[in-house]
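Reader: I've got a two-chain model open and I'd like to talk it through. Could you walk me around it?

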Amino acid sequence: MSKLIATRAIRGAHKLVSRAEKEFSDALKKHGPDKKVEFPNTGYYLPISHGMLGMNINTVGGLQPLLDKAKSLLHPIPDENKWVPYLGHTLDCGMAALFADEIIESLKYLQDPLPYTVMENCPEDGNFWLGAADDVIMRKRGIEFVDGTAPGFAACVGACPSTEVAVKIARELQEKNLYVFMSASNNGKSMADQLREAGVQMGWETRLVPFGSDVTSTIHALGFATRAALSFGGVKPGDYARNLKYNKMRIFAFVLAFGEVDDEKHAQAAGAINYGFPAISETDIGQILPTGVCTYEHVVSPVKPEEMIQKAVEVRGLKIQVHKIPIPVSYGAAFEGERIRGEDTWVEMGGNKTPAFEFVTSKSINEVTDNKIEVIGPEITDVPAGTQLPIGIVAEVAGRKMQEDFEPVLERRLHNFINEAQGVFHMGQRDQNWIRISKESKEKGFKIAHIGTIIHAQFHTEFGAIVDKVQVKIYTKQEDVLKWREIAKKAYNKRDERVGSMTDESTDTFYSCLLCQSFAPTHVCVVSPERTGLCGSYNWFTCKASYEINPRGPNQPVPKGDTVDALKGQWKGCNEFILQSSRKAISAMSAYSIMSEPMTSCGCFECIAAVLPLANGVMTVSREFAGMTPCGMKFSTLAGTVGGGQQIPGFVGHSKRYVVSKKFLLAEGGIKRLVWMPKALKDDLRVLFEARAKAEGVPNLLDLIADETIATTEEEVVAHLQKVNHPALTLPPLM
Amino acid sequence: MSPTAEKTNENSVCEATIEMLKYSAESNYDTAFQRAQKVKPCPIGEVGACCKHCAMGPCRFNPKKPDEIKGVCGADINTVAARNFCRMIAAGTAAHCEHSRHVSHTFLSAARGDVPGYKIQDVPKLLKVAAEFGIVGGDPATYGGDTKDKPFNKVAEELGQKAIGEFGTEKGLYMIKRAPQKRQEIWKETGVTPRGIDREIVEMMSRTHMGDDADYKNLMLQGSRCSLVDGWGGSMIATELQDIMFGTPVPVRSKVNLGVLKNDQVNIIVHGHNPLMAEMVAVAARDPELVNLAKQKGAKGINIAGMCCSGNEILLRHGIPLAGNFLQQELAIATGAVEAMVVDVQCIMPALGRLVECFHTKLITTSPTVKIQGATHIEFNEHDALNIAKTIVRTAVENYPKRGKTNIPNKTTDLIAGFSHETINYMLGGSFRASYRPLNDNIINGRIRGVVGVVGCNNPRVKHDDVHINLVKELIGNDILVVQTGCSAIACAKEGLLIPEAATMAGKGLREVCEAVGMPPVLHCGACVDNSRILVACTEMVREGGLGNDISDLPVAGCAPEWMSEKAIAIGQYFVTSGALVVFGVTWPTTGSPTLTKYLFEEYEKIYKGKWAFESRGAGQMAAMIIDHINKKREALGIQKAQERKLYDMEARRALEV
């Protein structure tokens, strides 16, 4: 049985490599060796050859060594009798197939018209095949694989037996928070075609990602996985062993093969097995059950379509905790990205069209009846399609360990919780919220009261350690909403004052975040009131709440202890904690300095700051920015250089929010050191930045700072600084 | 009493051997099979109860009353049996280490370009081994060409020098550091970490001299230390340097048994142990001039076939067929179809010198250390290797017209060989995922119960090949993966156990793994010097994780069911000292001293966590003993009962090492 699979995979690899050879030689003739080849907007070249072999291919001619490598990995198909061991040969041929895929796919970007739509989400009409994901998507989505938001992905190859099955499988995978990567076809049809037929919204936002109809486009799934290891795993290019092991241990992906599995698809599966990704086939292609390269079985077949996901999850060794919420629509992170157009909306609430708010408040335990959900005012069933209603959501929670400080932490999650229901759209927070419920969901029986059901269920799931009881009141009558909104607003203001007045000096305890140690083992985030975690999603309050929820979790209290250096932000207790938690790799850390023992950087920082010596200042670049920066490195390259838990003076990862903190680079002169940042980041932070700048006595500082429209080299930055007389020029020398 | 044609069935299970034994008996050719019946084992010597270390004796002890008699010097049976056993260890170790010394010198010359015909072939392995010897500049990332700072032949030269240094050193051996940390600590604690190859052999001989060490435990300590310089010293150096010079074995398909001799070709058998000569003869046999000469002489070509471990060496590296194992050396000549049997060292029966008188066959000795009456001596010298090899081949070719009546048994079996440590690593994961993980995982999940090395010689005191084959069949039937070297591998090859189709004879779990990998259930790892590969494999299993932290934790064992040579004792001793159970068949050389025997069979377990065992009742009992041992090891590891499939949530995934 295994021999049959080996034979077909090896034969498929031979076919793919000869196809790659032909397409390469055609491209060479047509374009010449110096023609650029690249996947859109990536710092990882062609990711498989870059990750596995350390090759930096960016021209047609540069594909030659990759082709040579692919050929060198080909082996003859196993003999009929007295064969020599074929597993190693098969796996090598699988890698050869991936290298061939990458050659073929990279050359597609030279075609006119381009066979792919280079976007994050599929356009509603026309070509929905997306091809390779760029680095912005990869970073945004890849991090979900690291933090567990997405447990893995299913590479779906070919077409399901029917459109209904395709939709069912897509929904089930979405409900399990898995990404669905679709490629290849059977008789000209692929799973993505089927989803399109059924009108299912596809794209990265809904986690239903169509790569391409060609079998070779499967490479984009593995390219994504390879880049995730490079980007978040701190794996060095060319370190194939670690890259593949990282994928086996961290990225819980698998292949679902539908319909006939031809030689080329066998070869893709052999390639995927190198990553520890097993294949589950609908049709009978034989099995490879013994474990070792993958965590458990390698190939399992035949499996009925309705059992494939369950089987795949078991074979990959994946534990998915999905708490079924009693609502009549699907639920999961994959539905967060759904769009609901105006004409598809049954009822719309908030969004500056009607008064609205959402509010979490704590009560004493006898004031709350658990799971009491009330809709006070009209339900969805009481109003015609297209109605706009006011809405006020009041979630009252009680628990022995509940604290007032946790209210905003819980409240901040309402957005995700509500948005993750299929056919329910949510945006904003507090009194700026906006909700739409689709006609389709209403038809399925979804009611406004179900928003309460979701809140109740998710608070218990995610905050079970601090929350014992949850009741939800949803007001949909204008006068109630207005009355309650005033009460909520008072609470918002009180909270803001409290958060605003929190300083690093006002507490004895900071919190650690060791979440990222899974990929950066020496990295220790120390989160203080005035310095949020590098990723931007953990502030001091969230860490505190998280510690209460899980006292043995990744967020631990860090006693500050005696001050070593107030300006640099160094404390004895902090240093001791870091020494222990970094496995003795890091002995001291300055929270407010980029030059002297800066904080280590993981891989999921929102921004990286880097010293520009000629400019006597500091630049910072956020992960969305794909262009070149004045330090000579793009974000991706910087991330690769600085990340992985290293402490490198002159570089530091940080959150966006930290830029406008009083403690931002305090040791080096604070915000006045900033000489360059991307325009988008400027716009993002403008209001808060200007307030900070005013307090520093340079109200127009933001306009003095260069961005990519002004300078992309350090020399250009310096010229700009001199032109506008930037305050950094008058600060003491950095170096 | 010479065996009659009817009784030869009791001497062997190998059909070609049976056929040739009948033929030999009819033709009155003398073979080891017949001599074994004429010469009974000396009952005193057999149990280690005879001391002839001085002229006051020899003193013989009565094994039935071990405590009653003392030697003239007052030595008791424990001292005497231990001395005898230790001298076997020393002799066996010396044999491997002389082989290794020879290889090391040739290696150094090859690195310097002084020996045309020998060169550095496996550069990645050179750099890997060089790094273990602390040679800087061996950067494996730049393999295939010269390293950045140092051309690779310079690296090889330094490695050659350091390898030669291992023999004379008193400061310890580099390869010892390959062993699992815990094992090295056990050696340190017991005081058996070796200081140098020659040092330990010389000290062993010295301590067994009259009037020296008389404490059997103290003698055995040096026995252990001496054996380690074989396994982790001489043998390991030989294996590694041979791989670097001649290529690391990869799986090859070939044939085995006397039927590989060809009626219409010049047949040359290379027999012995060291590939230095065998490799060159194989090259010379392809020389167009000599092939033409063979054709002029009326032959269709020149056919090289191997025998014993020389045969294993060139089988693994070039797929050259094997004519047979130790007890078939005389039978090969008796076919009348062999123009020359070229021999070097070890396991060459002196009987060959007389036997060739009956045939046109030339017995060609090549080593200055091994000369045999009746043989033609063409001394081999690495510095003129190819020319000498050509002379040897030419001698054979010119002998072809003198060939008389031939009787080649029409028996061959297919086999797959070439399972070096590197091959095992590769075949379990390809170039990118090469590791022992699948082996360990499938041991842990119980598809594979354990791994047993079945190795060693033939011995006419038991039915030829019978114990090897039946033991191996029993083991694989119980899901035990078998690794083999030496004449034992040849025995099983003849039975067809070394082809992947043999997986049908394996238990369900082992069969599944064999089918997934495409491997046979019995892996041929090389010559007897390559038992070092099994040490490396065990170490790798420990390093890969999940099976304890020492060789003694692994569900493994070693076995030499038809042993006869002192090398077998040395090998067994180094496996025991490395933490393995080692089971021997046929006979046991210390039974004259129940005290010493108990020490080796029982008390050793407390000292080394490995021990000797003896089982002569047959393959079934031997297999039962081994399976029981493996089950106990599995029990201790907590893997004997099937584990629930673990499903990983994010937290569990974070705990996984990347």
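Reader: Let's start inside a sheet of chain B: which residue is the bridge partner of B:His271 in β7(B)?

Author: This is a predicted model, so a quick word on conventions: local features need pLDDT of at least 70, side-chain atom pairs count only at pLDDT 80 or more, and totals for chains, interfaces and linings use all residues. Residues are numbered from 1 along each chain as its sequence is written, with chains lettered from A and ligands numbered from 1 in the order in which they are written. Strand β4 (residues 266-272) of chain B runs parallel to β7(B), joined by four bridges (strands are DSSP E runs of at least two residues, helices H or I runs of at least four, numbered from the N terminus; two strands pair if DSSP finds at least two bridges between them). In β7(B), the partner of B:His271 is B:Val343.

Reader: Are the faces of strand β7 of chain B covered or uncovered?

Author: In a regular strand, side chains alternate between the two faces of the sheet. Here B:Ala340 and B:Val342 lie on one side, B:Met341 and B:Val343 on the other, and all are buried (20 or more other C-beta atoms within 10 Å of a residue's own; 12 or fewer is exposed, in between is partly exposed, with C-beta atoms placed from the backbone). For strand β7 (residues 340-343) of chain B, then, both faces are covered.

Reader: Staying in chain B, how do α19(B) and α25(B) lie to each other?

Author: The axes of helix α19 (residues 466-477) and helix α25 (residues 619-637) of chain B come within 9 Å and cross at roughly 40° (axes are lines fitted to C-alpha atoms, for helices over the stretch in contact, with angles from 0 to 180 degrees between N-to-C directions). Under 35 degrees would count as roughly parallel, over 145 as roughly antiparallel, 65 to 115 as roughly perpendicular and the rest as oblique. The two helices α19(B) and α25(B) are therefore oblique.

Reader: What classes do the residues of that contact between α19(B) and α25(B) divide into?

Author: From α19(B) come B:Val467, B:Asn470, B:Leu471, B:Glu474 and B:Leu475, and from α25(B) B:Ala619, B:Gly620, B:Met622, B:Ala623 and B:Ile626 (contact: C-beta atoms, placed from the backbone, within 7 Å). Ala, Val, Leu, Ile, Met, Phe, Trp, Tyr, Cys and Pro count as nonpolar, Asp, Glu, Lys and Arg as charged, and the others, Gly among them, as polar. That gives seven nonpolar, two polar and one charged.

Reader: Over to where the chains meet: which helix gives the most to the side of chain A that touches chain B?

Author: In total, 40 residues of chain A are in contact with 38 residues of chain B. On the chain A side, α1 (2-31), α4 (87-108) and α9 (240-250) each supply at least two residues. By class, that side has 22 nonpolar, 11 polar and seven charged residues. With seven residues, the one that gives the most is α9(A).

Reader: Which strands stand at the edges of the six-stranded sheet in chain A?

Author: That open sheet has the order β3-β2-β1-β4-β5-β6, with parallel pairing. Within the sheet, β1 (residues 153-157) and β4 (residues 254-257) of chain A pair over four bridges, and A:Val157 has A:Ala257 as its partner in β4(A). The edge strands each have a single partner, so one side of each is left without a neighbour in the sheet: they are β3 (208-212) and β6 of chain A.

Terms used: Contact = placed C-beta atoms within 7 Å.
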